[in-house]
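Reader: I would like to go through some of the labels used for this model and hear what each one rests on.

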Amino acid sequence: MTDFWLISVPLDKTSLTSVEKLKRNLAKTNLTSCCRFSIPELKVGILDSLLSVSDDLSKLDTLTESVIKKTHQCMREVMEQSDGKVLENALANGDHSMNQTAAVSPLKAYLNSLRVDLMSYMTKFQWDKAKYPTALPLSSLADIITKEVSQMETELKSRAAAYSSVKTSLQSMEYKLHLQTCSLNDIVRKEDLVTSEHLTTLLVVVTRGSYLQWERTYESFSQFVVPRSSRKLYEDGERGVFSVTLFKRAVCEFKAKAQESKFTVREYSFDLEAKQQQERQQRSVHKKEQYGIFVRWLKVNFSQVFIAWIHLKALRVFAESVLRYGLPVNYQALLLHTNKKRSKKLREDLASLFKHLDPTASNSKTDVSFDIPGLCQPEYLSYICFYINTNLLELS
């Protein structure tokens, strides 16, 4: 389990010395990796409004992470149920070939590749000035991300519902056809069916344990059943298909009585069967088309909302750094990559190195807890720290 911590410290002499010491310690112990996280110079605005913006950014952080999790969950649900034949799309934020083996599922291979892509994006982060102009105030940048995330959440619900509807429709048809057995074109011959102005032939699915009951009772379902007209046309391990001839006016009565006896009746004709088979094929093709469209949308938009999330983290670091360290803006942001087993020791080292920033801050030696979305821990720390969760991309 890996963790990303985005920390911020001022550029005073003591802090710079502590940062260099931190880097040397990390290089010796392999406790974590550390890199600069480049955040451009943004518009500070009025400090009083900055408090309000900071609060809005915190709420937006929670919303964005929620949308990321929903998108990822939807991606897993959709792709895990597929055969992997449509997983040919390149990543939206990279171009990684997936060397899949038979032992690795297409979904797992894709998520592993996606995770590498997103981790690379964070360690090489560059602010997208075209999408998020730095000349705009922080509140406007927050509005852009809010609109982007909210629009994606709405579209995700709509697309997921539409895909579910297509999938459910096909499953319903397949289930219904399973109860009445699958295509009978290879089983039924024209001479098995009696069709005339007054007579018709029905096909009835009977479980193996009910054969005797069927033979004894089917003529009693209507006085218009042709005596001794039932013939067994096909059987598998669980059921058989029987034909029965009766007058057309008795079909409804016969169906009702058969249903009471747990027999499944199916009116059959070669034209009707061909039409149902064509409809089945059309729905199957439509589902595959919708699957491909939906998966591509999920891939692109998951990457895009993640990118928006990292920009949001950068906004939070900038706003909190101004509020904590004051003006003029003078801080540096670092991205630390560690794992949960080593997080306790890393936290202790950070508390020791940056204690001078605020001696009253928590230096608890308890393990790191992530109870507050977006924050490393509920305690107040001497340095600024935000947590970036990429573990949702790991398959359990």
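**Labels and their grounds**

Author: In this predicted model, the side chains of Glu 155 and Arg 159 form a salt bridge, at 2.8 Å from N to O.

Reader: What makes the contact of Glu 155 and Arg 159 a salt bridge?

Author: The cut-off is 4 Å between a side-chain nitrogen of Lys or Arg and a carboxyl oxygen of Asp or Glu. Glu 155 and Arg 159 meet at 2.8 Å, so the pair falls within 4 Å and counts. Both residues lie in helix H4, four residues apart, about one turn of the helix.

Reader: Why is Arg 159 called partly exposed?

Author: Its relative accessibility is 29%. Buried means under 20% and exposed over 50%, so a value in between is partly exposed. Glu 155, with 28%, is partly exposed by the same rule.

Reader: Is Arg 239 buried or exposed, and how do you know?

Author: Arg 239 has 18% relative accessibility; the limit for buried is under 20%, so Arg 239 counts as buried. Its salt-bridge partner is Asp 236, with the closest N and O atoms 3.4 Å apart. Asp 236 is partly exposed, at 27%.

Reader: Which parts does the salt bridge of Lys 131 and Glu 148 tie together?

Author: The side chains of Lys 131 and Glu 148 meet at 2.8 Å, N to O. Lys 131 is in the loop between helix H3 and helix H4, and Glu 148 is in helix H4, so the pair links parts 17 residues apart in sequence.

Note on methods. Residues numbered from 1 in each chain as written. Predicted model: local features only at pLDDT ≥ 70, side-chain atom pairs only at ≥ 80, totals over all residues. Heavy atoms only, no water. Helix = DSSP H or I, 4+ residues; strand = E, 2+ residues; numbered from the N terminus. Buried < 20%, exposed > 50% of the residue type's maximum accessible area, 1.4 Å probe, protein only.
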